[in-house]
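I opened a new page for this structure.

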Amino acid sequence: MERQSVSPETLAAQGLGEEDPVSGGLVPVINLSTNYEQQPDGSYRQGRVYTRADNPTSEHAERLLAALEGGGCACALFGSGMAAATAVFQSLLPGDHVLVSRVLYWGVRKWLAEFALTWGLDVEFTDTSDLEVVAAAIRPGRTRLLWVETPANPMWEITDLAAVCELAHGAGIRVAVDNTVATPVLTRPFEHGADLVVHSATKYLNGHGDVLAGAVLAARRDPFWERIRSWRRNAGAMPGPFEAWLLQRGMRTLFLRVHRSSETAMAIAAHFDGHPALAAVLYPGLPGHPGHEIAARQMHGGFGGMLSIRVAGGAGPAHAVLREVRVFKRATSLGGVESLIEHRRSSEGPSSPVPDDLLRLSAGIESPGDLIADLEAALDAAGHGPATVPPRSAARREAGR
């Protein structure tokens with residue numbers, strides 16, 4: 001009798017359901033060995049030689065993440081999200097033209113600006129949410145990669161993955177999607193035509209702020225994929241076995257955490273949308289967001305746990321609000337169980353394209369009411385409280401609660 005297939009949610013919760021073959025334990029063991037014994041005939045048990053290339057604990061986490069992203073994809077863990085992202089670019093060849101989302105994680109943007117030129121890549125930042133702009137930027141025979149981040153950190157712009165993949169593939173271009181924010185819980189880019197998927201596994205996949213890791217997944221085990229794997233091995237970009245073990249443990253609660261943080265982010269965004277102290281609330285779950293319809297089509301079960309607010313008056317008032325929060329934690333990162341807030345421009349530096357009135361929020365799993373009250377109190381203490389709200393706006397906000 002054929003065994004019943006189960007959902008990704010069940011696969012995650014059970015960690016693929018792989019018991020320890022020796023003890024029968026339901027929790028995977030950690031294999032800390034850095035090397036493996038060679039047999040008298042020169043062979044190795046299971047083909048493993050050195051942990052920089054292969055490790056059973058890392059392979060378990062890779063199988064789990066591959067199962068969640070689906071499509072029979074291949075997966076390789078890296079020592080960090082940046083190691084994973086840069087491995088994709090470093091597997092290209094000098095002279096290759098690369099199109100990259102105009103809005104994206106600052107670490108990747110900074111690496112491209114500082115190192116891609118010396119690597120020999122021709123990098124062009126473009127608005128991937130506009131298909132006409134992307135089409136005009138393609139250089140036939142030279143453009144080799146389109147790098148997309150959606151929702152795009154920290155403005156949360158949305159790219160239509162199916163449409164942009166169709167456009168790129170028509171010109172023979174690989175598409176890599178940074179799926180860190182959406183996670184496979186909400187979006188599975190391979191189902192929309194992506195060739196590569198990249199994660200900062202430090203964020204939602206681990207979800208507890210205690211692991212540094214990354215991942216690259218590929219729809220096909222082609223020569224480019226093997227080049228990425230070879231780069232990882234030769235550059236020594238593997239995570240340690242303990243980090244891999246913590247990562248697979250974190251993924252067991254991935255669906256619960258992502259759904260909860262998405263619900264909380266939606267509640268915060270809806271509550272503060274139209275608040276007179278804010279110039280804007282940026283969240284794809286809001287009907288007024290320019291990418292809302294596309295996000296609703298390609299994100300399932302929520303719109304993510306990340307949002308940004310733009311504080312009226314600029315950087316000064318934004319910093320004032322930041323100083324007054326008590327429940328939100330002032331810290332850089334995202335995707336953990338605790339809610340974080342930061343002035344993104346300060347983290348990125350003077351060359352950042354992020355508006356200086358923007359505060360980035362990562363919704364955790366706390367009570368949504370506590371987070372909303374904390375932000376309300378911070379706005380109040382910073383001089384943006386109820387006393388400054390015009391009567392009509394106050395009435396409208398009360399009616400919307």
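Before sorting any lining I noted the classes: Ala, Val, Leu, Ile, Met, Phe, Trp, Tyr, Cys and Pro count as nonpolar, Asp, Glu, Lys and Arg as charged, and the others, Gly among them, as polar. The model is predicted, so local features need pLDDT of at least 70 and side-chain atom pairs count only at pLDDT 80 or more, while totals for chains, interfaces and linings use all residues. Residues are numbered from 1 along each chain as its sequence is written, and side-chain values use heavy atoms, with hydrogens and water left out.

Entry: cavities. I worked on a 1 Å grid over the protein atoms alone, where a cavity is a set of points at which a 1.4 Å probe fits but cannot get out; lining residues have an atom within 4 Å of a point. Grid points are joined across faces, edges and corners, and a volume is the space filled by probe spheres set on the points. How many cavities of 30 Å³ or more does a search of the whole structure find? I found two. The second largest cavity holds about 40 Å³. Its lining consists of Arg 174, Asp 195, Leu 196, Ala 218, Arg 220, Asp 222, Phe 224 and Trp 225. I sorted this lining into four nonpolar, four charged and no polar residues. The largest cavity has a volume of about 50 Å³. Among the residues lining the largest cavity are Arg 102, Asp 127, Glu 149 and Glu 157. By class, the lining of the largest cavity has three nonpolar, five polar and four charged residues.

Entry: pockets. A pocket is an open set of points with protein on both sides within 12 Å along at least five of seven lines. The largest pocket has a volume of about 530 Å³. I counted 19 lining residues for the largest pocket, with Val 29, Asn 31, Gln 46, Arg 48 and Pro 56 nearest its centre. Helix H2 (residues 56-69) gives the largest share of that lining, five residues. Helices (H or I, at least four residues) and strands (E, at least two) are DSSP runs, numbered from the N terminus. The lining of the largest pocket has eight charged, six nonpolar and five polar residues.

The second largest pocket has about 350 Å³ of space. It is lined by 25 residues, and Gly 81, Met 82, Tyr 105, Ser 200 and Lys 203 are the closest to its centre. H3, H4, strand S6 (196-199) and helix H13 (344-348) each supply at least two residues of this lining.

Entry: a helix pair. At what angle do H3 and H4 pack? Helix H3 (residues 81-90) and helix H4 (residues 106-119) pack at about 35 degrees, with axes 11 Å apart. Axes are lines fitted to C-alpha atoms, for helices over the stretch in contact, and angles run from 0 to 180 degrees between N-to-C directions. The contact (heavy atoms within 4.5 Å) includes Met 82 and Phe 89 of H3 and Trp 111 and Trp 119 of H4. I classed the contact residues as seven nonpolar, three polar and no charged.

Entry: a sheet. Five strands form an open sheet in the order S8-S9-S12-S11-S10, with mixed pairing; two strands pair if DSSP finds at least two bridges between them. Strand S8 (278-282) and strand S10 (329-330) are at the edges with a single partner strand each, so one side of each has no neighbour in the sheet. Strands S9 (residues 306-311) and S12 (residues 358-362) run antiparallel and are joined by five bridges. Leu 307 stands opposite Leu 361 in S12.
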